[in-house]
Amino acid sequence: MHVTMVKKRLKNGQPCDKCVQAEELLKRRGLWERIDEVVWADESDESSPGMQLARERNVSLAPFFIVKDGPREDVYTSALAFIKERLNGGAGSVEVAVEPTSAEALALELAGKSPGEVVRRILKQYGARAAISFSGAEDVMLIDLAAKSGYPFSVFSLDTGRLHAETYRFIERVRKHYGIEITITAPDTVALEDLVRKKGLFSFYDDGHSECCGIRKVGPLRRVLTRYAAWITGQRRDQSPTRADVPLVQLDTNQGADGRILKVNPLAEQSLADVWTYLRDEQVPYNPLHDQGFVSIGCEPCTRPPRPGEHERAGRWWWEDTTKRECGLHLPK
Ligand code: SF4
């Protein structure tokens with residue numbers, strides 16, 4: 001396959017904004033090396049090679065991609081469509097194992113590896129059958145690492161219906177920034193309507209968060225994870241006392257199509273400071289609520305910024321006992 005990217009050079013000598021954005025997107029996705037040649041369409045020179053290619057293919061948009069594969073030629077005027085249709089969502093070829101590698105073997109193999117190495121290893125084997133669950137800052141670090149690996153991968157997010165407006169906008173920003181598809185789950189309508197009719201919209205302040213989280217988060221997670229072979233999470237050991245033993249790799253026997261799924265926690269050994277150093281160094285998008293003092297961000301009615309000296313998840317379900325500060329997504333094996 002030979003790929004030509006045609007970029008437009010404006011009369012002022014600068015590349016067009018969309019051409020710059022497309023190049024940045026390809027670089028963020030680790031796909032830039034898949035462009036074999038760049039040809040310029042000079043706005044001030046109708047005879048420039050790119051202008052000629054545009055005329056010959058009757059294209060009026062820039063950038064565009066000419067993909068030659070044997071006798072076949074396709075033209076894409078969207079970088080996203082080009083990535084999705086011709087690069088299978090990523091550049092690397094996935095090695096589908098005949099037998100899934102055991103969690104124990106992977107744990108041994110990946111011990112001491114960096115988060116980027118762990119993500120790359122998992123995606124190399126599972127590709128889009130590995131899914132990153134996306135809600136917080138850690139998860140965008142994982143998405144950034146996955147995007148840079150060049151391998152295909154999947155992302156899903158649990159829409160509880162109670163997230164902050166900032167979080168919804170943030171999810172959309174991440175989707176566009178990386179040019180990825182994000183599966184957004186919804187709670188079971190019948191169960192949710194039943195809960196709200198009987199107990200109202202804020203039952204969690206009276207009876208605890210388990211029932212509401214069960215319907216808005218745990219059920220949808222169980223459903224979405226049946227589609228994947230591996231689940232990549234942003235859990236870290238130093239997030240809270242309830243996560244102190246999070247392993248790098250484990251077999252989760254509470255989830256998955258056949259009651260088991262490989263669960264990988266590439267950031268298990270990372271600190272909050274490590275994550276933020278990465279986000280800043282790599283200019284990764286983050287939820288603007290962090291600038292207002294929020295650290296771990298969940299649903300709007302159940303999240304507040306932690307107080308000085310509290311651990312980072314102390315602002316989640318703050319009215320409950322510290323030992324119950326999990327929503328049920330990460331159950332013990
Ligand atoms: S975090 Fe709060 S609003 Fe969100 S699902 Fe759990 S109990 Fe319901």
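Trainee: As I understand it, two strands pair if DSSP finds at least two bridges between them; with that settled, which strand order does the open sheet of 6 strands have?

Mentor: Before the order, note that this is a predicted model, in which local features need pLDDT of at least 70 and side-chain atom pairs count only at pLDDT 80 or more, while totals for chains, interfaces and linings use all residues. Residues are numbered from 1 along each chain as its sequence is written. The open sheet of 6 strands runs β7-β6-β5-β8-β10-β9, and its pairing is mixed.

Trainee: How do β5 and β6 run, parallel or antiparallel?

Mentor: Strand β5 (residues 130-133) and strand β6 (residues 154-158) run parallel and are joined by 3 bridges. Within this pair, Ile 132 stands opposite Val 155 in β6.

Trainee: Which strands does helix α4 touch where it packs on the sheet?

Mentor: Helix α4 (residues 103-110) touches β9 and β10 (261-264), and its direction makes about 165° with that of β9. Helix α5 (residues 115-126) also packs on the sheet, touching β5, β8 (230-232) and β10, with its direction at about 155° to that of β8. For these contacts, two residues count if their C-beta atoms, placed from the backbone, lie within 7 Å. Angles run from 0 to 180 degrees between N-to-C directions, and axes are lines fitted to C-alpha atoms, for helices over the stretch in contact.

Trainee: Switching to the other sheet, in what order do its 4 strands come?

Mentor: This open sheet has the order β2-β1-β3-β4, again listed with mixed pairing. At its edges stand β2 (37-42) and β4, each with a single partner strand, so one side of each is left without a neighbour in the sheet. The twist here averages 20° from one strand to the next.

Trainee: How many bridges join β1 to β2, and how do they run?

Mentor: β1 and β2 are joined by 6 bridges and run parallel, with Met 5 standing opposite Val 38 in β2. Strand β1 (residues 2-9) is also joined to β3 by 5 bridges, in this case antiparallel, and Val 3 has Val 67 as its bridge partner in β3. Val 67 in turn has Asp 74 as its bridge partner in β4, where 5 bridges join β3 to strand β4 (residues 72-76) in antiparallel fashion.

Trainee: What do β3 and β4 form?

Mentor: They form a hairpin with 2 residues between them, and Gly 70 in the turn has a positive phi of about 65°. Most residues other than glycine have a negative phi, and most peptide bonds are trans. Against that background, Gln 283 has a positive phi of about 55° although it is not a glycine, and Gln 283 is found in the segment after α11 (272-281). The peptide bond from Ala 62 to Pro 63 is cis, with omega near 0°; Pro 63 lies in the loop between α2 (49-56) and β3 (64-69).

Trainee: Now helix packing: at what angle do the axes of α8 and α10 cross?

Mentor: The axes of helix α8 (residues 189-199) and helix α10 (residues 210-225) come within 10 Å and cross at roughly 160°. That makes α8 roughly antiparallel to α10, since angles under 35 degrees count as roughly parallel, over 145 as roughly antiparallel, 65 to 115 as roughly perpendicular and the rest as oblique.

Trainee: Which residues make the contact?

Mentor: Ala 191, Leu 192 and Leu 195 of α8 meet Glu 211, Cys 212, Ile 215 and Gly 219 of α10. By class, this contact of α8 with α10 has 5 nonpolar, 1 polar and 1 charged residues, where Ala, Val, Leu, Ile, Met, Phe, Trp, Tyr, Cys and Pro count as nonpolar, Asp, Glu, Lys and Arg as charged, and the others, Gly among them, as polar.

Trainee: Last topic: which of the 13 residues around the ligand come nearest?

Mentor: His 209, Cys 212, Cys 213, Cys 299 and Cys 302 come nearest, a residue being near a molecule or strand if its C-beta atom, placed from the backbone, lies within 6 Å of it. The largest share of the shell around the ligand, 4 residues, comes from α10, and by class the shell has 7 nonpolar, 3 polar and 3 charged residues.

Conventions
Pairing = 2+ DSSP bridges.
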